[in-house]
Amino acid sequence: DNLENNRFRLHFQPIRDAEGEILHYEALVRMMDENGDLLYPAVFIPLAEKYNLMPEIDKLVLKNTLEILKQDKNLKVFMNLSGESLGRCELMEWIGSSIIASGIDPGQIGFEITETTAIRNLETAKEWIIKLKEAGCGFALDDFGVGFSSFSYLDTLSVDYLKIDGSFIKNLDSDTTKFTLVQAINTAAHTLGKKTIAEFVENEAVWRILHELKVDYGQGYYLGKPKPMEVQ
Ligand code: G
Ligand code: MN
């Protein structure tokens, strides 16, 4: 009943290009505890998964995001889809009809699934990507690089963006192994026709290295913290 209790909040974090222009935002879920303090996903997602609440959370994120997108036609937001949601084909239908009913341009919304989730449910993931892209929405493969899957999987997933996991980016300015790994991931992604987004860009030195490596976009505290969207 945390969901009913109005404890649910959405924060939005910008994804920027090399010039600093905003490509789109990622919607990030927050929860308030009894004292009104913000709880982070690391705390409540494992609980939500345990009680099978993730599809409900994904629905709430979509509903709230559509309300915000309706008010600003120039805004683009990507939201996360949980592995549990992927297993429910009625949810895909619901998402499609909600987008149509909202009247927004479907290109204003995009979806992210983690590499690990996509590999674990490969056929279902492919179907979701194809359906939602056919509907005009964007798609990103999240947390890429930690799943240790081969690049051959990547070729079969028709996503627009590949998000390089933050663990590769965080210490990019001091770790030469990370530099080589990011270079390899970025080259492979570009070869397969996908744009790249680096997660966890936390300082200017890292952002400069990412330009050098020709990573397309960045997201992280240095480029903008997640915060509520101010309604225009
Ligand atoms: O798995 P995913 O990439 O969706 O996780 C995003 C989470 O990481 C969010 O909860 C967000 O608040 C947090 N986050 C966003 N940018 C940064 C960053 O630059 N550094 C760190 N440590 N965390 C970040
Ligand atoms: Mn994400």
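User: What does Arg 30 do with ligand 1, in distance terms?
Analyst: An N or O atom in the Arg 30 side chain is 2.7 Å from an oxygen atom of ligand 1. This is a predicted model: local features need pLDDT of at least 70, side-chain atom pairs count only at pLDDT 80 or more, and totals for chains, interfaces and linings use all residues. Residues are numbered from 1 along each chain as written, chains are lettered from A and ligands numbered from 1 in the order written, and side-chain values use heavy atoms, without hydrogens or water.

User: Switching to the metal. Which residues are the protein donors of the manganese ion?
Analyst: Glu 26, Asn 80, Glu 112 and Asp 142, at 2.2 to 2.4 Å from the manganese ion, ligand 2. Donors are N, O and S atoms within 2.8 Å of the metal (3.2 Å for Na, K and Ca); water is not among the atoms, so sites may look incomplete.

User: Is Glu 26 buried or exposed?
Analyst: Buried, at 5% relative accessible area. Buried means under 20%, exposed over 50%, partly exposed in between (1.4 Å probe, protein chains only). Asn 80 is partly exposed, at 25%.

Conventions. A polar contact is a pair of N or O atoms within 3.5 Å; within protein, one must be able to donate a hydrogen and the other to accept it, and residues adjacent in sequence count only if both atoms are side-chain atoms.
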